[in-house]
Amino acid sequence: MKKKLLLFVLSLSMLPAFAGGYRVALQGARMLGMAHAGTAMFTGAEALFFNPAGSAFLQGNVNAAFGLSVVKSTVKYQNAEYLWTAKTQNPLGTPFYAYLTWKHNDRLSFGFALYTPFGSSLKWEEGWAGAHLVNSIKLTAVYFQPTLTWKMNDYVALSAGFIAAWGSVVYNKDLNRFMRNEEGEKTDITLTAKNISSSGYVLSAAFKPADWVSMGVTYRSKVVFRARKGKAEINDAPAFFTHTADAFRASLPMPAELSTGVAVKPFKQLTLAFDYNYTWWSIYESLDIDFANHFPDNRMPKKWQNTSTYRIGAEYAFSENLDLRVGYYSDQSPIPPTYFSPETPTADSDGYTFGFTYRHGRYAFDFAFLYVKGHERTDSYDYYVEGLSAPRFDGTYVSNALVPSFGLQIQL
Amino acid sequence: MKKHILLLLIALALGLGACEPEFSNPIDPDNPDVSAGEADFSTYVAIGNSLTAGYSNGTLYLSGQENSFPKLLADRMKEAGGGIFSLPLLEDDKDNIGGLKIGNTIIIPPRLVIDASEKQVERINREPTQQLDIKPGPYNNMGVPGAKIYHLVYNGYGNIANLPAGRANPYYVRMASSPDASILEDVLAQQPTFFTMWIGNNDVLWYATSGGTGTDQTGNPNVSTYGPNDITDPGLFGALYAQILAALFQQNPQLKGALATIPDVASIPYFTTVPYNPIPLDDATAQALNQAYAQYNGGLQAAYQNGLITQEELAKRTIQFVPGRNAVVIEDEYLTDLTALGLPSIRQATPADLIVLPASGVIGRPAPGNPNLIMGVTKPLGDRWVLVENELAEVRTATHTYNQIIEALADQYNLALVDMAAAMEKLVSGLRLEDNSLYTADYFKGVETLPNLFFSLDGVHPNTKGYVILANEFIKAINSKYGSTLRKYNPGYYDSDIWILPAN
């Protein structure tokens, strides 16, 4: 058995050679092993994210899951005309989740979920050519989601939940392409907005018409973070630059997402899951930073487009204690041509995953590994305004991300 | 077994951690793929004046030299077989203040800055730190601020003994290989394989910037009769230009290079910033002023009735102020001389007259010596403040002839032609670069204009960004002529190097 396992893992480790993207959903180590295709998988408390209604079909009266992912992402940039090259040195991202659901009675169950569905952690090399667009950005969004699930009958469950969200962002960029202080350091601006709260909701339905098939649909609403009291700070300005920027207002939307999924069991040990996610990225029209005083407002048109993500995953019950998983997903970039900015350089990407669950009594340890490769993309951002004109910033980007994910589940 | 799996997973994660995304065609900034084409950049020599030397903000300073277009070109040529490029660096000008001193005497003033407290442009209130130190060349950058075409072949232009008489140039004194060498001799001594030559600007510009106080020497090739602010005879210009090229090509028949044309003076902010009509008046003041000029206007009527001036001149000379913006009153030596009638040769300016930049500090202020008179209103602006229509026409005619000569010679010697005249014309309406950035020929009007600013505070010479754009113009012309692939610069990333001081 050991040998079989080794072969399985090794064969999966070959996948990255073919693999592409770096913006990822990481809301459960168990589901991540099968490409995060969890809308019709009712196998643990992770269902509170993927499909809260699915928690009605869980075994046991109480299910809990918590876990953590470690994201190591890298983006590289080059421009052959000016021989510019740059690489990100992103700090490790650590998205987490914690889920708890229990059955109140045969019909009704409750759930509490805490997770981080959006976030970005990007840091470009100091002095790089795109510094007027971004030096670094750190965005975190935490959702707390209580849900109520009603099991109509043995086949259908419905769920509704409320989302309380907290967001924070720290964004640093150079003021423009050329300004330096007397010591020759580039002038930059840091925008900080912390503890912004907002809210949303989640609705879902789960169907289990037979033992071998299940289906689900989940709609998670948009959550818009509106920073009213952001703090701006200009650093390394030359003496003559007497503009000050202190407070700002800005809003950043977390888009709504609709997920539909189906899972089938062709035979007892094997489960195949398919997910389709549609994300309303078109809400991200523009990043507008309005300063409280006379400092000129900063408008960065985005014009993002809605995207589709396709996920396919497989789970194999290797033994009573061990499930093995593998998956692939294809993720579309929301960014139209000429809007490709290094502050969120997400191209179309491919994600490859594998994972396993090892069970011991009421406990289960989940592990998954994700490799995302962004397709190489040559594009530009044409809407950065400097004085009377909007100089284009163009180049070629490649990216990847490596994400080990760890989880623990408890069933009582 | 659990342990084994964990170890395996950790090893796997670490192994993949080393794996970075790679480009399908990665570039190597340390080994750019650049070709010299048919050109040989091994010894590049730049011939020219202040624009070749890197002069900016009204003087030459160290960082300006290092950002001179020939230095920028040479840096790119280095990627295609170019050799060392030496410059007569002002090494003691550590703070980039510019200017020159002999002993304690300042012979060249330091740079222009903006005094934010006074909201005006002035020389920085610091002494130059650079002595006129003699560092015999020759240098690859043979740009000498102030040089006209005839200075290139003038032995003694670098002799310090000729300085008091004004027959030598302190910058060439510093760099001449010997006191009696000529610039051309110093160029030839380096046996250039590639050269750029941008000369002739001062041959018209000094006349223009002086408000036409000099003489248009067209038709007179005798340089010994020239004053500093004269227009150089185009005939002489052509003969000397051809002589210089002949000498260069005699030495190296394989020589390659680029010649640049002379921009129209009316395209530079020195002449376009101060409007002809900057005098705001209310009704009462306008009427009072009209009263003051009633006698002059009456005299003009009499002169017209006596047939001394045409109706056209009468109309041109009649001074009339109205509520609102008014044209300045100027002296114009091209008017009919009516001094015998006690009538000065004055009139109000028209859009065809160009008021020079320094006049902005003069117009509307009390006249020196008579504080009751207001400059440009009750005291006419002297010749030096205005390039009047006729003077501008002289400058343009000479410039046009020079450019025809340069173009013909570029053609004859099969050299690259950098059409700076055309480039500056574009700049006036806004020069749009490939990346959609825009540069204008406007004068500095505030911090928010810095991104699009081409010129420095002297209104004649480019700022840092401007010189980068000039270098790109040379690169474009050279690449297209010789099939080389010298890389362009992106001016957007260069600080314009305009100094704005809280106080001066």
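A cavity is a set of grid points where a 1.4 Å probe fits but cannot get out. In this predicted model, the largest cavity has a volume of about 180 Å³. Its lining consists of 18 residues, and those nearest the centre are Leu51(B), Asn201(B), Pro263(B), Ile268(B) and Val460(B). Helix 2 (50-53) and helix 7 (201-209) of chain B each supply at least two lining residues, with helix 7 giving the most, four residues. By residue class, the lining of the largest cavity holds 12 nonpolar, five polar and one charged.

The second largest cavity has a volume of about 60 Å³. Among the residues that line this cavity are Ala53(B), Leu60(B), Asn141(B), Tyr171(B) and Arg174(B). Strand 6 (141-143) and helix 5 (170-175) of chain B each contribute at least two residues to the lining; the largest share, three residues, comes from helix 5. Seven of the lining residues of the second largest cavity are nonpolar, three are polar and one is charged.

Between the chains, 45 residues of chain B are in contact with 50 residues of chain A. The area buried between them is about 4,300 Å², and carbon and sulfur atoms give 68% of this area. On the side of chain B, Pro21(B), Phe23(B) and Tyr493(B) lose the most area to chain A, together 18% of what that side buries. Four salt bridges cross the interface. In a salt bridge between Arg177(A) and Asp435(B), the N to O distance is 3.6 Å. The two chains also share 14 residue pairs in polar contact. Helix 1 of chain B gives the most to the side that touches chain A, with nine residues. That side divides into 24 nonpolar, 10 polar and 11 charged residues.

Methods
Residues are numbered from 1 along each chain as its sequence is written. Chains are lettered from A and ligands numbered from 1 in the order in which they are written. This is a predicted model: local features need pLDDT of at least 70, side-chain atom pairs count only at pLDDT 80 or more; totals for chains, interfaces and linings use all residues. Side-chain values use heavy atoms; hydrogens and water are left out. Contact means heavy atoms within 4.5 Å. Buried area is the accessible area (1.4 Å probe) that two parts lose on being put together, summed over both. A salt bridge is a side-chain nitrogen of Lys or Arg within 4 Å of a carboxyl oxygen of Asp or Glu. A polar contact is a pair of N or O atoms within 3.5 Å; within protein, one must be able to donate a hydrogen and the other to accept it, and residues adjacent in sequence count only if both atoms are side-chain atoms. Ala, Val, Leu, Ile, Met, Phe, Trp, Tyr, Cys and Pro count as nonpolar, Asp, Glu, Lys and Arg as charged, and the others, Gly among them, as polar. On a 1 Å grid over the protein atoms alone, a cavity is a set of points where a 1.4 Å probe fits but cannot get out, and a pocket is an open set with protein on both sides within 12 Å along at least five of seven lines; lining residues have an atom within 4 Å of a point. Grid points are joined across faces, edges and corners, and a volume is the space filled by probe spheres set on the points.
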